[in-house]
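Trainee: I have a model open and want to learn how to read its features one by one. Where do we begin?

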Amino acid sequence: MRELIGIRRARPAADLITDLIEVADAGDRLNEDEIVCTVIVLLNAGHEATVNTLGIVMRALLTHPDQWLSIVGDEGDEVEPATAVDEMLRWDPRLQMFERWVLEDGVTIGGREFGVGDRIGMLFGAANGDPARFPDPDRLDVSRGESTHIGFGGGVPFCIGAPLARLEAGRSAVPVACRGARADTGRPARVPAVFRDRWAASA
Ligand code: HEM
């Protein structure tokens, strides 16, 4: 990464690293370590979740032909790809779990008290399948029209790449999957909840 920063410093290009270098060189707002961290976070957070979500979208539609038919639909009656993508992010979120550490005493969640240093596992997948929030949650319904799932998080740390990810999935995986292929892999249509199970075992 440092080598690439050196190359861009010598030969600027129309890209994010060049923009970050310009900010760093303009004053005391960003140093080289921070550029390295920013780019690595963006690469890891942006690449892997998106790659896997594109796969999830493809698999969901290939195994649910009734659902892609409602996206292809009759003219004027189709479900928008963006709406369909949100339902797939709810139904089978790639990022099943995030952790937080309690920073102050007196935190109570769901009637349970937490103290400084306690570790909390937030099961995004489980919340997205909460029947009190989403009726018949295990049913994939691309016309559901619910963007209030937490596939991108649900608080102050919210996914900075959500608009880009929605665009990528809606413009690539959805049209490809809707071309008419079908797949019966003989395997579960949704990703097994390995993170949830591992975390529960280690808690
Ligand atoms: C479908 C693809 C994606 C999914 C499902 C996804 C999901 C998430 C989730 C659940 C979080 C955690 C929110 C929290 O801590 O509560 C997150 C954070 C983040 N995402 Fe994404 N993401 C995706 C694509 C992207 C892309 C394309 C980028 C960048 C170009 C990106 C950049 C980030 C960053 C930087 C954070 C950390 C935000 C923070 O801590 O303030 N993500 N994402």
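Mentor: Begin with one residue. With 14 C-beta neighbours inside 10 Å, R133 counts as partly exposed. The general idea is a neighbour count: 20 or more other C-beta atoms within 10 Å of a residue's own make it buried, 12 or fewer make it exposed, and anything in between is partly exposed, with C-beta atoms placed from the backbone. R133 sits in the loop between α6 and α7. From R133 to M122 the C-alpha distance is 16 Å, for 11 residues of sequence separation.

Trainee: What should I know about the model itself?

Mentor: This is a predicted model: local features need pLDDT of at least 70, side-chain atom pairs count only at pLDDT 80 or more, and totals for chains, interfaces and linings use all residues. Residues are numbered from 1 along each chain as its sequence is written.

Trainee: How many helices and strands does the protein chain have, and in what order do they run?

Mentor: Elements are DSSP runs numbered from the N terminus: helices are H or I with at least four residues, strands are E with at least two. The protein chain has eight helices and four strands. From the N terminus the order is α-α-α-α-α-β-β-β-β-α-α-α. Its C-alpha trace spans about 55 × 50 × 30 Å along the principal axes. Of its 203 residues, 22% count as buried.

Trainee: How do I read a contact?

Mentor: Two residues are in contact if their C-beta atoms, placed from the backbone, lie within 7 Å. In the protein chain, take the contacts with a separation of 6 or more: 67% of them join residues 24 or more positions apart.

Trainee: At what angle do α5 and α7 pack?

Mentor: Axes are lines fitted to C-alpha atoms, for helices over the stretch in contact, and angles run from 0 to 180 degrees between N-to-C directions. Helix α5 (residues 81–91) meets helix α7 (residues 162–177) at about 105 degrees, with the axes 9 Å apart. That makes α5 roughly perpendicular to α7. The cut-offs are under 35 degrees for roughly parallel, over 145 for roughly antiparallel, 65 to 115 for roughly perpendicular, and oblique for the rest. On the α5 side the contact uses P81, A82, A84 and V85; on the α7 side, R166, A169, G170 and V174. By class, the residues of this contact are six nonpolar, one polar and one charged. Here Ala, Val, Leu, Ile, Met, Phe, Trp, Tyr, Cys and Pro count as nonpolar, Asp, Glu, Lys and Arg as charged, and the others, Gly among them, as polar.

Trainee: Is α5 enclosed or open, and why?

Mentor: Nine of the 11 residues of α5 are buried, so α5 is largely enclosed by the rest of the structure. Those buried residues include D86, E87 and R90, as well as M88, L89 and W91. The buried residues of α5 pack against α3, α4 (65–72), α6 (124–128) and α7.

Trainee: Which residues have the most contacts inside the largest nonpolar core?

Mentor: In soluble globular proteins, nonpolar side chains tend to be buried together. A nonpolar core is a set of buried Ala, Val, Leu, Ile, Met, Phe, Trp, Tyr and Cys residues joined through C-beta atoms within 7 Å. The largest one here has 21 residues, and V57, L61, M88, V174 and A177 have the most contacts inside it. Elements giving two or more residues to this core are α3, α4, α5 and α7. Leaving aside neighbours within four places in sequence, V174 is in contact with V57, L61, I71, P81, A84, V85 and A169.

Trainee: Which residues come nearest to the ligand?

Mentor: Of the 20 residues around the ligand, G46, G153, C159, G161 and A165 come nearest. Two or more residues of the shell come from each of α3 (32–62) and α7. The most come from α3, with seven. The shell has 13 nonpolar, six polar and one charged residues.

Trainee: What is there to read at D136?

Mentor: D136 has a positive phi of about 50 degrees, although it is not a glycine. D136 lies in the loop between α6 and α7. D136 is exposed, with 8 other C-beta atoms within 10 Å.

Note on methods. A residue is near a molecule or strand if its C-beta atom, placed from the backbone, lies within 6 Å of it.
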